[in-house]
Amino acid sequence: MDRPGFTVSLVAGGVAGVSVDLILFPLDTIKTRLQSPQGFKKAGGFRGIYAGIPSAAIGSFPNAAAFFITYEYVKWFLHADSSSYLMPLKHMLAASSGEVVACLIRVPSEVVKQRAQVSASSRTFQIFSNILYQEGIQGLYRGYRSTVLREIPFSLVQFPLWESLKALWSWKLGHVVDSWQSAVCGAFAGGFAAAVTTPLDVAKTRIMLAKIICRCLPSNVSHQSGRFHLSWCL
């Protein structure tokens, strides 16, 4: 197997990540607000659905590039034969490695983005500054472990399924699938993986939003309710 091109993986992965994140950003905002303990309306409803987009725009390229570079290089390093029954395992290991590396970039961007999404009146830079001032660098990595625990199962489902669907379609056609056919396979694999890992995604979102939820608690909140929300701040 040929050594993968560093520049190709960097540029293709980065451009793909930026395109997807920016095009689907309104849906991501709605998803975050639906998952927020505040509830959809209190988190902003349909107002300001582009809140937090600067964080996504800045973090998307390096995040996606880091993932695909790692993914392609781990696949190359393992260099299993394409007909081997170990091929799905190879894709799982490559995807998991890519997620662990990418999360080092993704989590700080995600924390700032999600807090901006449920606090549409605050600017992204203001939220970033507040996190650094109140929580330090570790505040930017709030939810790192939960993110990794969500992203790895997601990739374990998505990428082997994507590769398998492309291989099956290529076999039926008698040639390598076109770009749009690969995209269809990716859409199906990604949708299925997202459905399976939604509970983990909800947990990740609420951990990242913990500090904001605590600050938003009314002073007359019941003792029992307060104890519930406090648990998310720990």
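## Burial and cysteines

Buried means under 20% relative accessible area, exposed over 50%, and partly exposed in between (1.4 Å probe, protein chains only). C103 has 0% relative accessibility, so C103 is buried. C185 is buried too, at 5%. With a disulfide defined as a pair of cysteine sulfur atoms within 2.5 Å, the count is zero.

## Basis of the values

This is a predicted model: local features need pLDDT of at least 70, side-chain atom pairs count only at pLDDT 80 or more, and totals for chains, interfaces and linings use all residues. Residues are numbered from 1 along each chain as its sequence is written, and side-chain values use heavy atoms, with hydrogens and water left out.

## Aromatic pairs

Rings of Phe, Tyr and Trp (its six-membered ring) pair if their centres lie within 6.5 Å; planes under 30 degrees apart are stacked, over 60 edge-to-face, the rest tilted. The whole structure holds 12 aromatic pairs. F40 and F46 are edge-to-face, because their planes meet at 75°, with centres 5.0 Å apart. F46 is exposed at 62%.

F67 and Y71 are stacked: their planes lie at 10° and their centres 5.7 Å apart. Both sit in helix α3 (residues 53-78), four residues apart, about one turn of the helix. Helices are DSSP runs (H or I, at least four residues), numbered from the N terminus. F67 is buried at 4%, and Y71 at 0%.

## Cluster and charge

Ring pairs join F67, F68, Y71, F159 and W162 into a cluster. The charged end of K166 sits over the W162 ring, 3.8 Å from its centre. The rule requires NZ of Lys or CZ of Arg within 6 Å of the ring centre and within 35 degrees of the ring normal.

Notes: Helices (H or I, at least four residues) and strands (E, at least two) are DSSP runs, numbered from the N terminus.
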